[in-house]
Amino acid sequence: MNYARVRSLTNLISDRLQALPLMVVYLTDGCNSRCAMCDIWKSPRCNMDLALVAELVAAGRQLNTQMVLLSGGEAMQHPRWPEIAQQFRDAGIKVWLLTNGLLLKKQAPEVLATCDLVTVSLDAATSELYAKIRGVDALDLILTGIQEVCALGVPIHTRTTVMRANFRQIPLIVDTALAAGADSTSFLPVDSSNPFAFGPRFAQDSAIPLANQTEPDPYGPLLESDLPDFWDIIEALMHTHRDHFADGRIAESPDKIRQLYAYFAAPYGHATFQPPRCNAPHVSMVVNVDGTLQPCFFLPATGKLQGQALKQAINSPETIGMRQAYRQGERHECDRCVCPLYRGPRGLLRGF
């Protein structure tokens with residue numbers, strides 16, 4: 001029996017964490033993409049200090065961390081990222097790399113040596129649209145990088161942010177990702193309401209009512225006039241790619257894909273979007289490049305590592321209060337969360 005995983009089960013019955021199954025680490029604020037729907041790349045670049053990394057590795061051992069997700073900015077822009085990944089691996093912690101893929105081809109050997117899983121953002125299937133969305137003309141480079149890393153045997157998963165600009169390419173994106181060798185592909189809707197994710201985009205914390213937008217934004221949520229076409233596209237996908245749903249190469253179930261439609265249609269009164277099932281603050285913690293802590297990617301910071309151990313910081317009064325608030329349905333950010341994380345008892349025992 002894996003007692004470290006059994007220990008994590010206590011997280012599900014208390015707002016005080018005894019283990020930290022997943023640690024999300026933002027290695028850098030730097031990014032070599034210029035995405036139209038994200039402002040992180042506009043921030044001054046700051047790389048995580050190696051002393052802080054050493055603290056997190058030690059904390060991961062103490063807290064029975066199973067997986068570390070290396071993110072950013074663009075994690076691969078940290079000049080010491082392979083060394084950092086190896087430190088976590090040496091501590092018995094699996095490494096999951098989240099990347100835009102621009103450096104995959106160049107650093108494929110480093111990925112093979114240090115990563116257990118890679119997720120690549122893939123928001124278009126044509127070079128022209130990719131350049132418009134991501135701000136760099138690099139689709140061919142990224143697909144080549146995926147091919148090379150997959151050929152080395154590292155599992156790669158692609159994730160697409162669905163928006164007005166690319167929803168018509170969803171079937172082609174699936175085909176493109178799988179043709180490049182990706183093990184699976186997945187989709188989530190563009191977030192346009194959360195002030196804590198994707199850079200300091202909004203001046204206040206309140207959610208922006210999607211249905212009241214006055215200027216159509218190709219990199220934002222779908223308009224009401226887009227909805228019939230979107231419904232037809234995802235329903236057709238159920239038939240043309242039924243085998244991919246069955247074998248998991250499309251990670252979402254048909255019902256979850258239909259929830260994409262509900263997410264975009266709900267503000268116009270054409271569907272009901274149910275708040276997603278999520279317990280991310282009870283199974284994970286986000287550590288920003290400067291040591292600032294967030295219970296999850298979409299909730300505000302609750303503290304900072306300033307001379308205190310992570311074990312104490314994740315159970316500060318502020319963090320425990322945030323866990324209580326989201327669990328009791330008091331955080332509006334959770335109502336329209338685009339990227340929930342849920343682990344029940346069986347999931348925690350299986351591990352990340």
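Keep in mind along the way that the model is predicted.

**First stop: helices H2 and H3**

Begin by selecting residues 50–62, which form helix H2, together with residues 81–90, which form helix H3; the axes of these helices come within 10 Å and cross at roughly 20 degrees. Angles under 35 degrees count as roughly parallel, and H2 and H3 are therefore roughly parallel to each other. The crossing in which H2 passes H3 is right-handed.

Next, show the side chains where the two helices meet: on H2 select Leu50, Val53, Ala54, Leu56 and Val57, and on H3 select Glu83, Ile84, Gln87 and Phe88. Sorted by class, this contact of H2 with H3 has seven nonpolar residues, one polar residue and one charged residue.

**Second stop: helices H8 and H10**

Move on to residues 227–240, helix H8, and residues 254–265, helix H10, which pack with their axes 10 Å apart at an angle of about 175 degrees. That angle makes H8 roughly antiparallel to H10.

To view the contact, select Leu227, Phe230, Trp231, Ile234, Glu235 and Met238 in H8, which meet Pro254, Ile257, Arg258, Leu260, Tyr261, Phe264 and Ala265 in H10. Here the classes are 11 nonpolar, no polar and two charged residues.

**Last stop: the second largest pocket**

Finally, select Pro276, Cys278, Asn279, Tyr326 and Arg327, which lie nearest the centre of the second largest pocket, among the 24 residues that line the pocket. Helix H11 (280–283) and helix H13 (317–327) are the elements that each give two or more residues to this lining. The second largest pocket has a volume of about 430 Å³, and the residues of its lining divide into 13 nonpolar, five polar and six charged.

Technical notes
Residues are numbered from 1 along each chain as its sequence is written. This is a predicted model: local features need pLDDT of at least 70, side-chain atom pairs count only at pLDDT 80 or more; totals for chains, interfaces and linings use all residues. Side-chain values use heavy atoms; hydrogens and water are left out. Axes are lines fitted to C-alpha atoms, for helices over the stretch in contact, and angles run from 0 to 180 degrees between N-to-C directions. Helices (H or I, at least four residues) and strands (E, at least two) are DSSP runs, numbered from the N terminus. Angles under 35 degrees count as roughly parallel, over 145 as roughly antiparallel, 65 to 115 as roughly perpendicular and the rest as oblique. A crossing is left-handed if the near helix is turned anticlockwise from the far one by less than a right angle, and right-handed if clockwise. Contact means heavy atoms within 4.5 Å. Ala, Val, Leu, Ile, Met, Phe, Trp, Tyr, Cys and Pro count as nonpolar, Asp, Glu, Lys and Arg as charged, and the others, Gly among them, as polar. On a 1 Å grid over the protein atoms alone, a cavity is a set of points where a 1.4 Å probe fits but cannot get out, and a pocket is an open set with protein on both sides within 12 Å along at least five of seven lines; lining residues have an atom within 4 Å of a point. Grid points are joined across faces, edges and corners, and a volume is the space filled by probe spheres set on the points.
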